[in-house]
Amino acid sequence: ATYVLYDARTGEPLAQIDGNEITARRTVAASALAASMLARRNSKRLLVVGAGRVAALVPEAFRQVLPIEAVQVWARQASQAKALVDELRDGGFEASVASDLAAAVARADVVSCATLATAPVVQGAWLSPGSHLDLIGSFTPKMREADDACFAGASLFVDTSEALQKSGDLLGPMSRGVFSAQDVCGNLAELCAGAVPGRSADDQRTVFKSVGTALEDLAAAALVFEASA
């Protein structure tokens, strides 16, 4: 993909940017921004579920906002998880492959899922009190990363209200009465503006569900352009 940034006043093209890179980086940046307000401030253990392009960017993004010390990676293909762990170690992370997903979820302060799963990968019964669950995949109605129990009793936040119409992670539980649209605590813009509170207690379990928005691409492209000017 190619992203072209234009001057809104004149229509002059300002920059042509790798669209895949913009999208991947703004995706994890949005999750890290949410985590800075929703995860416990002393979160040190990060579990990354998935080992693709987006998942590979999660640890560095989250380390910018949280005191992450240890990273575990789980993927359906163990070889992919190991390859990402080797890459993370080269980047200075204390990283390891998670062979037991349930145990890894239970140990983690933050669990970030970046997969193309169509059936739940993470179960709410595994999540520890006070943990933060970041759901990046499931950007279509047929995709799911989390089971219904992940949302029961948790404080749920979304990037935009579109997540309630697009994500199978939300549409499924809503159809079964696990929660309603009115139970969503707020969106990313409201969190950033202080219009809604983020985490309020250490034992509070939080969930952030994103599906992406063009505004994030625009913000990322503008930052790239300004940094290179």
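**The core and its surroundings**

A: In this predicted model, the largest nonpolar core has 29 residues, and the members that touch the most others are Leu 47, Val 49, Val 111, Val 122, Leu 133, Phe 151 and Leu 170. Two or more residues each come from strand S3 (45–49), helix H4 (101–107), strand S6 (110–113), strand S7 (132–135), strand S8 (155–158) and helix H5 (163–166). The greatest share is that of H4, which supplies three residues.

Apart from neighbours within four places in sequence, Leu 170 is in contact with Phe 151, Leu 156, Val 158, Ala 163, Leu 164, Phe 179 and Lys 209.

Leu 170 is one of the buried residues of helix H6 (residues 168–175), together with Gly 168, Asp 169, Gly 172 and Pro 173. Among the elements that cover these buried residues are S7, S8, H5 and strand S10 (206–209). Where H6 starts, a side-chain oxygen of Ser 167 comes to within 3.1 Å of the backbone nitrogen of Asp 169. Just past the other end of H6, Gly 177 has a positive phi of about 80°.

Next comes the sheet. Eight strands make an open sheet with parallel pairing, in the order S5-S4-S3-S6-S7-S10-S8-S9. Its edges are strand S5 (94–97) and strand S9 (186–187), each of which pairs on one side only. S9 runs parallel to S8 and is joined to S8 by two bridges. Across this pairing, Val 158 stands opposite Asn 187 in S9, and Val 158 is also among the contacts of Leu 170. Helix H1 (residues 19–38) packs on the sheet, where H1 touches S7, S8 and S10, and the direction of H1 makes about 160° with that of S10. Helix H2 lies across S3, strand S4 (70–74), S6 and S7, and runs at about 160° to S3.

H2 (residues 53–63) also meets another helix, H3 (residues 78–90): their axes come within 11 Å and cross at roughly 35°. The crossing of H2 past H3 is right-handed. On the H2 side the contact is made by Ala 55, Ala 56 and Pro 59, and on the H3 side by Leu 84, Glu 87 and Leu 88.

Val 54 is a residue of H2. Beyond its neighbours within four places in sequence, Val 54 is in contact with Ala 24, Thr 27, Val 28, Ala 114 and Ile 136. Thr 23 and Val 54 are 31 residues apart along the chain, and their C-alpha atoms are separated by 8.9 Å.

Strand S1 (residues 2–6) and strand S2 (residues 13–18) are paired in the antiparallel sense over five bridges. In this pairing Val 4 stands opposite Gln 16 in S2. Six residues lie between the two strands of the hairpin, and Gly 11 in the turn has a positive phi of about 80°.

The loop between S1 and S2 contains Asp 7. With a relative accessible area of 13%, Asp 7 falls under the 20% cut-off and is therefore buried. A polar atom of the Asp 7 side chain lies 2.7 Å from the backbone nitrogen of Arg 9. Setting aside neighbours within four places in sequence, Asp 7 is in contact with Glu 12 and Leu 14.

Ala 221 lies in helix H8 (residues 214–228). At 0% relative accessibility, Ala 221 counts as buried. Leaving out neighbours within four places in sequence, the contacts of Ala 221 are Tyr 3, Leu 5, Ile 17 and Ile 22. The C-alpha atoms of Ala 221 and Arg 26 are 9.2 Å apart, although 195 residues separate the two along the chain.

Technical notes. Residues numbered from 1 in each chain as written. Predicted model: local features only at pLDDT ≥ 70, side-chain atom pairs only at ≥ 80, totals over all residues. Heavy atoms only, no water. Pairing = 2+ DSSP bridges. Helix = DSSP H or I, 4+ residues; strand = E, 2+ residues; numbered from the N terminus. Core = buried A, V, L, I, M, F, W, Y, C linked by side-chain atoms within 4.5 Å. Buried < 20%, exposed > 50% of the residue type's maximum accessible area, 1.4 Å probe, protein only. Contact = heavy atoms within 4.5 Å. Polar contact = N/O pair within 3.5 Å; in protein donor to acceptor, adjacent residues only side chain to side chain. Axes fitted to C-alpha atoms, helices over the stretch in contact; angles between N-to-C directions. Left-handed = near helix turned anticlockwise from the far one by under 90°.
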